[in-house]
Amino acid sequence: MSPLRQSSPASSAAASTRRTRTPAVDAACAEAVDLARDAAEETAWPTRVGEHLGLRGEGDRVVTHDFACLDPAYRGWRWAVTVTRAARAKNVTVDEVVLLPDDGALLAPPWVPWLERLRPGDLGPGDLLPTAPDDVRLAPGYTQVDDATDHENQWELGLGRVRVLSREGRDEAAERWYEGTAGPRAPIAASAPAQCSTCGFYVPLAGEMRLVFGVCANEYAPDDGRVVSADHGCGAHSEAVVVPPVSEHNPPVIDELGYDVVPEDTPADSEAEEALGHS
């Protein structure tokens, strides 16, 4: 076996130069300005095509001609027509015609995912807001243990206040909240994927109220910062992590060439239908 030959630095530099060399401009393709203009005008019709802006070599026997775009809706854009010819052939053909933006061209704004475009109050009845599995606003329940947990069961003595809410006042408030828009019979709760009691953004109230009511802490939910019942719900539930994919159908294909033969009714069939009382 012959030993492996190591390439010298000079040969590596030469190979790199060959790979990055600027393609030569083919003379026949460079002269095909009229052919490129006709292709651009055919594509841009009924809008006219402007002056020839220049050309550039794209590869061996491949040249792109640039023309100014006169469409007022595409200011700062240009028509790029790529022409080519086969090896040892004189006939030049059009490869593609595209509309490309130049510096200062009017472009669409960068795409922003819909979850980042969403604002508080956008969620309505029937809408479903998925929550990412790694949402920083949520954490496993067993990890959220602190000193306040032991104080939630303490009964309020009313110290520091002259009067506190009576049982009658509490019952009236509970009935009002439960029968209102934050209760289980609200339109948005009817189409919710789950109840608020199982939502990570649900913060129970203190005292006896915690058995039925809590506060919503989801900024995207319509009830953010409001008291909701435990069996209330909306589409911004913390466990709504997956949205069913929307089915996209292609436009219907109409067969304009084929046809179906439909048999005509014979006179005997018509007389039979009239005898049975059908007209």
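Helices (H or I, at least four residues) and strands (E, at least two) are DSSP runs, numbered from the N terminus.

## About the model

Welcome! This is a predicted model, in which local features need pLDDT of at least 70 and side-chain atom pairs count only at pLDDT 80 or more, while totals for chains, interfaces and linings use all residues. Residues are numbered from 1 along each chain as its sequence is written, and side-chain values use heavy atoms, with hydrogens and water left out.

## The sheet

Let's start with the strands. An open sheet is formed by 4 strands in the order β1-β2-β3-β4, with antiparallel pairing (two strands pair if DSSP finds at least two bridges between them). At its edges are β1 and β4, each pairing on one side only. From one strand to the next, the twist averages 25 degrees.

Between the antiparallel β1 and β2 there are 7 bridges. Gly-54 has Asp-66, in β2, as its bridge partner.

## A helix on the sheet

Helix α3 packs on this sheet and touches β1, β2, β3 and β4 (contact means heavy atoms within 4.5 Å). The direction of α3 makes about 115 degrees with that of β1; axes are lines fitted to C-alpha atoms, for helices over the stretch in contact, and angles run from 0 to 180 degrees between N-to-C directions.

## Loops worth a look

In the loop between α3 (33-44) and β1 (49-59) you will find Pro-46. A cis peptide bond joins Trp-45 to Pro-46, with omega about 10 degrees.

Arg-88 lies in the loop between β3 (77-84) and β4 (93-101). Its phi is near 60 degrees, a positive value in a residue other than glycine.
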